[in-house]
Amino acid sequence: MARSIAANIEKHPVPRLSWSVDEFCSSVGISRSTYEKLKRRGLAPREMRIGWAVRISQLAAVEWIAARETDAAKKNVCASASARGRSG
């Protein structure tokens, strides 16, 4: 008797290597509209197409998160330097 796909996945889990845009948005806690705004500004993660499906690879997601952290750190340094300049 053949095992169902769900039963096979449960018995032999395979790590995810890519996500749909909606899955990615959910995993990083942003809305799809925020994703689309970031994409228009050139700040979304790299996308790949597999047939009609748009996917975001694990590597693209990791690189995107690192870039957003770097941007945030730069903004925090600039903000604290600006605040020191106003107080002195």
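Mentor: Let us begin with a term: a salt bridge is a side-chain nitrogen of Lys or Arg within 4 Å of a carboxyl oxygen of Asp or Glu. Please keep in mind that this is a predicted model. Asp71 forms such a bridge with Arg68, and their closest N and O atoms are 2.7 Å apart.

Trainee: Where do Asp71 and Arg68 sit relative to each other in helix α4?

Mentor: They are three residues apart in helix α4, which means that about one helical turn separates them. In an α-helix there are 3.6 residues a turn, so residues three or four places apart point the same way. Asp71 is partly exposed, with a relative accessible area of 30%, and Arg68 is partly exposed too, at 23%.

Trainee: How many salt bridges does a search of the whole structure find?

Mentor: The search finds seven salt bridges. One of them joins the side chains of Arg32 and Asp22, at 2.9 Å from N to O. Because Arg32 lies in helix α3 and Asp22 in helix α2, this pair ties together parts that are ten residues apart in sequence. The side chain of Arg32 also meets that of Glu36 in a salt bridge, at 3.0 Å from N to O, and these two residues are four apart in helix α3.

Trainee: Switching to helix α2, which of its residues are buried?

Mentor: The buried residues of α2 are Val21, Phe24 and Cys25. Seen down the helix axis, they fall within an arc of 100 degrees, so they line one face of α2. On the other side of α2, Ser26 and Ser27 are exposed.

Trainee: And what is in the largest nonpolar core?

Mentor: That core has nine residues, among them Val21, Phe24 and Cys25, together with Leu38 and Trp64. The elements giving two or more residues to this core are α2, α3 and α4. Trp64 touches Phe24, Val28, Leu38, Leu43, Ala44 and Pro45, leaving aside residues up to four places away in sequence.

Trainee: One more: is Arg55 buried or exposed?

Mentor: Arg55, which is found in strand β3, counts as buried because its relative accessibility is 18%, and the cut-off for buried is under 20%. Its side chain reaches the backbone oxygen of Ser18 at 3.0 Å. Beyond residues up to four places away in sequence, Arg55 touches several others, including Trp19, Glu23 and Met48.

Technical notes: Residues numbered from 1 in each chain as written. Predicted model: local features only at pLDDT ≥ 70, side-chain atom pairs only at ≥ 80, totals over all residues. Heavy atoms only, no water. Core = buried A, V, L, I, M, F, W, Y, C linked by side-chain atoms within 4.5 Å. Buried < 20%, exposed > 50% of the residue type's maximum accessible area, 1.4 Å probe, protein only. Contact = heavy atoms within 4.5 Å. Polar contact = N/O pair within 3.5 Å; in protein donor to acceptor, adjacent residues only side chain to side chain. Arc of directions from axis to C-beta.
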